[in-house]
Amino acid sequence: MRAVRNYRRNCHVATMVQLHSKAQSVPKGELQLTLTFHPKTNRKRDIDNLIAQMKAGLDGVADALKIDDSRFRKVSGTLGSQESPGKVEVEIESL
């Protein structure tokens, strides 16, 4: 469970860095998230499983935004280019 806690904390910190560097605010109301996965290998991927693996990460994002993650009403994912190390880009929009 330490890995899950660390991942949540890392996503929290990454979100805080983005918020401060771009001076962005959180949209009001229900939110839509678009996740773009950039895997570190070219292995075959299942988008549904990739989204499920983001549970702790999205909790970290919600923590950084100081919102309840129940506001994430629509979550979709797409597979981007391979990058080493892998990463996930999260785009947040108002519904």
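**Figure 1. Lysine 66 lies in the loop that connects α3 and β2.** The structure shown in this and the following views is a predicted model. The backbone angle phi of lysine 66 is near 60 degrees, which is a positive value in a residue other than glycine. Most residues other than glycine have a negative phi. Lysine 66 has a relative accessible area of 74%, and because exposed means over 50%, this residue is classed as exposed.

**Figure 2. A cis peptide bond runs from serine 84 to proline 85.** The omega angle of this bond is near -5 degrees. Most peptide bonds, by contrast, are trans. Proline 85 belongs to the loop between β2 (72–79) and β3.

**Figure 3. Glutamate 83 and lysine 87 are joined by a salt bridge.** The two side chains meet at 3.5 Å, taken from N to O. Glutamate 83 has a relative accessible area of 26% and is therefore partly exposed. Lysine 87 is also counted as partly exposed, at 36% relative accessibility.

**Figure 4. Aspartate 59 takes part in a salt bridge with arginine 8 and in another with lysine 55.** The contact between arginine 8 and aspartate 59 is 3.8 Å, N to O. This pair links distant parts of the chain, since arginine 8 is in helix α1 and aspartate 59 is in helix α3, 51 residues apart. The contact between aspartate 59 and lysine 55 is 2.9 Å, N to O. Here both partners lie in helix α3, four residues apart, which is about one turn of the helix.

Which of these residues is buried? Aspartate 59 is the buried residue, because its relative accessible area of 12% falls under 20%. Arginine 8, at 34% relative accessibility, counts as partly exposed. Lysine 55 is likewise partly exposed, with a relative accessible area of 48%.

**Figure 5. The largest pocket has a volume of about 700 Å³.** Rolling a probe the size of a water molecule over the atoms shows where empty space is left. The largest pocket is lined by 22 residues, and those nearest its centre are Ala14, Thr15, Gln18, Glu89 and Val90. Which elements each supply at least two residues of this lining? They are α1 (2–22), α3 (55–65) and β3. The largest share, eight residues, comes from α1. By class, the lining of the largest pocket consists of twelve nonpolar, six polar and four charged residues.

**Figure 6. The second largest pocket holds about 380 Å³ of space.** It is lined by 17 residues, of which Phe37, Pro39, Arg45, Leu50 and Gln53 are the closest to its centre. β1 (31–38), α2 and β3 each contribute at least two residues to the lining of the second largest pocket. This lining has seven nonpolar, five polar and five charged residues.

**Figure 7. Tyr7, Val88 and Val90 form a nonpolar patch on the surface.** Together, these three residues have about 190 Å² of accessible area. Valine 90 is part of strand β3, which covers residues 87–94. Is valine 90 buried, exposed or partly exposed? Its relative accessible area is 32%, a value between the limits of 20% and 50%, so valine 90 is partly exposed. Val90 is also one of the residues that lie nearest the centre of the largest pocket.

**Figure 8. Alanine 52 lies in helix α2, which covers residues 47–52.** At 53% relative accessibility, alanine 52 is over the 50% limit and therefore counts as exposed. How far apart in space are alanine 52 and methionine 16? The distance is 22 Å, C-alpha to C-alpha, and the two residues are 36 residues apart in sequence.

Definitions and conventions: Residues are numbered from 1 along each chain as its sequence is written. This is a predicted model: local features need pLDDT of at least 70, side-chain atom pairs count only at pLDDT 80 or more; totals for chains, interfaces and linings use all residues. Side-chain values use heavy atoms; hydrogens and water are left out. Buried means under 20% relative accessible area, exposed over 50%, partly exposed in between (1.4 Å probe, protein chains only). Patches are made of residues with over 30% relative accessible area and no salt bridge: like charges are joined within 9 Å, nonpolar side chains (Val, Leu, Ile, Met, Phe, Trp, Tyr) within 5 Å. Accessible areas come from the Shrake-Rupley method with a 1.4 Å probe; for residues, only the protein chains shown count as cover. A salt bridge is a side-chain nitrogen of Lys or Arg within 4 Å of a carboxyl oxygen of Asp or Glu. On a 1 Å grid over the protein atoms alone, a cavity is a set of points where a 1.4 Å probe fits but cannot get out, and a pocket is an open set with protein on both sides within 12 Å along at least five of seven lines; lining residues have an atom within 4 Å of a point. Grid points are joined across faces, edges and corners, and a volume is the space filled by probe spheres set on the points. Ala, Val, Leu, Ile, Met, Phe, Trp, Tyr, Cys and Pro count as nonpolar, Asp, Glu, Lys and Arg as charged, and the others, Gly among them, as polar.
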